[in-house]
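Here is a short briefing on a pocket and on the domains around it. Have a look at the model first, then read on.

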Amino acid sequence: MIPLSIPNISGNEWQYVKDCLDTGWISSVGSYVNQFEEKITEFTGAKYAVATMNGTAALHIALQLAGVREKDLVIVPNITFVASCNAIKYAGADPMLIDIDPHTWQMELDLLEEHLEKYTYIVAEGDGETEEIVRPYSLLSHRRIGAIMPVHVLGNMVDMDRLQRICKRFYLPMVEDSTEALGSYFNKQHAGTFGQFGTFSFNGNKIISTGGGGVIVTNDEILAKKAKHITTTAKKDPFEYDHDEVGYNYRLVNILAAVGVAQMEQLPAFLERKKAIDKYYREHLENENLQFQKVGDRVIPNNWLHTMKVKDQRGMIKHLLDNGVQCRPFWVPMNQLKMYQNCRYISNNDISNMIYRSCISIPSSTNLTDAQVEEVVRVVQSFK
Ligand SMILES: Cc1ncc(COP(=O)(O)O)c(C=O)c1O
């Protein structure tokens with residue numbers, strides 16, 4: 001079977017992991033965590049990075065530190081991996097789902113802006129002493145909207161200039177679910193650096209992997225310190241077991257960070273390979289019955305997971321699997337999952353459902369050989 005999206009372990013991973021094993025620094029402290037965080041800041045241009053045990057934990061902490069409170073709403077696209085909505089729930093809030101654009105498969109900004117204009121009002125809270133907090137409230141439920149979480153689906157991005165303008169106008173803190181977008185840029189600015197926080201995931205299918213892992217990025221020093229503190233059990237002192245709030249044991253361990261450092265060294269080559277595979281698939285497969293995700297002019301995507309929209313999705317999936325090509329359908333839209341079916345879903349034509357029912361992800365691993373990529377194309381083309 002030609003694999004869908006698997007780790008590419010071909011650099012210094014063994015050497016760095018051996019170093020951890022030889023020295024005993026396998027757990028919560030060690031130099032690789034710092035090195036990994038430095039590599040992330042260097043690459044993304046974010047000022048600070050805090051490594052976490054996975055991307056979901058990164059999202060949870062970012063939302064909490066962005067000020068999301070119990071019973072808030074958090075705006076998120078209806079097409080995303082379930083972890084985006086789960087993290088919103090962990091922060092005590094509920095997702096407010098926005099339908100997606102039929103071509104880019106990202107949050108539909110017209111719909112978002114129209115909804116905020118028509119159905120929200122702005123409230124300023126403050127007691128005259130603490131800093132005033134200004135947020136939009138929903139006219140429909142009178143619930144506070146605590147944040148917006150754009151998701152850079154498959155490494156693509158929306159018009160971030162416009163999204164930032166919307167956030168400013170409606171006083172919305174932005175937490176980017178950029179978990180899939182390491183190596184993606186809008187206007188030459190790296191994904192995850194537009195909002196108060198960005199987050200990345202390094203699970204097994206991502207562009208680089210630490211087995212499991214994540215990171216929070218931010219340009220705000222105080223928030224970065226808070227993120228480090230709260231992800232390391234809110235420990236006040238390295239010696240005394242003294243903690244000053246309910247913290248989390250969310251840190252990334254050194255042995256996994258060691259894998260991450262080796263993976264980061266290879267990221268530029270991985271990005272090149274993804275770009276070449278994307279080009280090949282587009283050139284050989286795109287036609288009136290089969291399209292890939294549309295990418296905006298100012299976006300440089302990381303081409304993380306090659307996904308195509310076809311007429312007969314279930315037929316194509318069967319054909320690919322029968323012919324040794326691993327593939328997956330797209331995520332079930334959040335409004336169709338039983339945990340989230342009662343969330344408000346802002347949509348005119350339920351584009352999410354159409355995309356869910358027509359998209360298929362095809363082999364995208366950076367270690368695919370040219371022959372395997374050609375074979376994928378041959379099998380897709382042979383579907384009648
Ligand atoms: C869009 C999106 N959000 C969140 C996550 C969660 O990341 P993790 O699996 O590292 O917890 C992922 C990846 O799995 C994802 O694709």
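A pocket here is an open set of points on a 1 Å grid over the protein atoms alone, where a 1.4 Å probe fits, with protein on both sides within 12 Å along at least five of seven lines; lining residues have an atom within 4 Å of a point. Points are joined across faces, edges and corners, and the volume is the space filled by probe spheres set on them. The model is predicted, so to speak of local features takes a pLDDT of at least 70 and side-chain atom pairs need 80 or more, while totals for chains, interfaces and linings use all residues. Residues are numbered from 1 along each chain as its sequence is written, and side-chain values use heavy atoms, leaving out hydrogens and water.

- The largest pocket has a volume of about 610 Å³.
- Among its 32 lining residues, Phe 81, Asn 205, Lys 206, Trp 304 and Trp 331 are the closest to the centre.
- The lining of the largest pocket comprises 16 nonpolar, 12 polar (Gly counted here) and 4 charged residues (Asp, Glu, Lys and Arg).
- Because domain 1 (13-264) and domain 2 (267-381) both give residues to the lining, the largest pocket lies between them; the bounds come from an automatic or database domain assignment.

**The two domains**
- The C-alpha centres of domain 1 and domain 2 are 25 Å apart.
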